[in-house]
Amino acid sequence: MRKPVLLVVAPIAALMLGAALFGSRGEEREPWKSVVPQPDIAVKGRPSYVQDIKPIFDQSCIRCHGPVDAHNGLRLDSYEGVMAGTLNGPIVYPGEPSLSNLLTLIKHESSPQIWMPYHQEELSPNRIRNIENWVKDGARDN
Ligand code: HEC
């Protein structure tokens, strides 16, 4: 009589253990991956601020860098705000992507604590490419 009970209990126990192990490990590694995935966009050689760049900031940044919250004094809800940068200075140097903190943080080349968007899913590769191309092209208000 003991065998059938074991046959029922053992798989359930195994499932629960598995869920506990894999569930918690997945969350620890990438807590932001549960956020809604972004469909990717086309890469443009000379992106427009209004058409290509502002929508990315609106979607992924302005809830922390806009009228409600402006972490480090940074506002990304207007061209002027983007160019004014943080309390410490500019984040965009036109024509100089490697000097521009904006790119360092979204490309995850900074220390992990300040990767942007902060504790969220990273921007898609094509969004990063477009922001980089926009900076290379002079970070124009176009
Ligand atoms: C959930 C909130 C949140 C979101 C979303 C967010 N940020 Fe931030 N951001 C922060 C916080 C908090 C800091 C301050 C980090 C620190 O200095 O420790 C910061 C700082 C920054 C800085 C300045 C770092 C410095 O040099 O002082 C830049 C640039 C930046 N964010 C860009 C972005 C961009 C671009 C996006 C969107 C792709 C974005 N952030 C989305 C919270 C956020």
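**View 1. The shell around the ligand, in a predicted model, holds 13 nonpolar, 7 polar and no charged residues.** In this classification Ala, Val, Leu, Ile, Met, Phe, Trp, Tyr, Cys and Pro count as nonpolar, Asp, Glu, Lys and Arg as charged, and the others, Gly among them, as polar. Because the model is predicted, local features need pLDDT of at least 70 and side-chain atom pairs count only at pLDDT 80 or more, whereas totals for chains, interfaces and linings use all residues. Residues are numbered from 1 along each chain as its sequence is written, and side-chain values use heavy atoms, with hydrogens and water left out. Among the 20 residues around the ligand, those that come nearest are Cys61, Cys64, His65, Asn72 and Met116, a residue being near a molecule if one of its heavy atoms lies within 4 Å of it. Helix 4, residues 101-106, gives the most to this shell, with 4 residues; helices are DSSP runs (H or I, at least four residues), numbered from the N terminus.

**View 2. The ligand takes up the space of the largest pocket.** A pocket is defined on a 1 Å grid over the protein atoms alone, as an open set of points where a 1.4 Å probe fits, with protein on both sides within 12 Å along at least five of seven lines. A molecule sits in such a pocket if more than half of its atoms lie within 2 Å of its grid points.

View 3. His65 counts as buried because its relative accessibility is 11%, where buried means under 20% relative accessible area, exposed over 50%, and partly exposed in between (1.4 Å probe, protein chains only).

**View 4. Cys61 is buried, while Cys64 is partly exposed.** The relative accessibility of Cys61 is 12%, and that of Cys64 is 30%. A search of the whole structure finds 0 disulfides, a disulfide being a pair of cysteine sulfur atoms within 2.5 Å.

**View 5. A cis peptide bond joins Met116 and Pro117.** The omega angle of this bond is about -5°, and Pro117 is placed in the loop between helix 4 and helix 5 (125-136). His119 lies in the loop between helix 4 and helix 5, and has a positive phi near 55° although it is a residue other than glycine. With 59% relative accessibility, His119 counts as exposed.

**View 6. Ala139, which is not a glycine, has a positive phi of about 45°.** Ala139 is found in the segment after helix 5, and is buried, its relative accessible area being 0%.

Terms used:
1 Å grid on protein atoms, 1.4 Å probe; cavity = no way out; pocket = protein on both sides within 12 Å on 5 of 7 lines; lining within 4 Å. Helix = DSSP H or I, 4+ residues; strand = E, 2+ residues; numbered from the N terminus.
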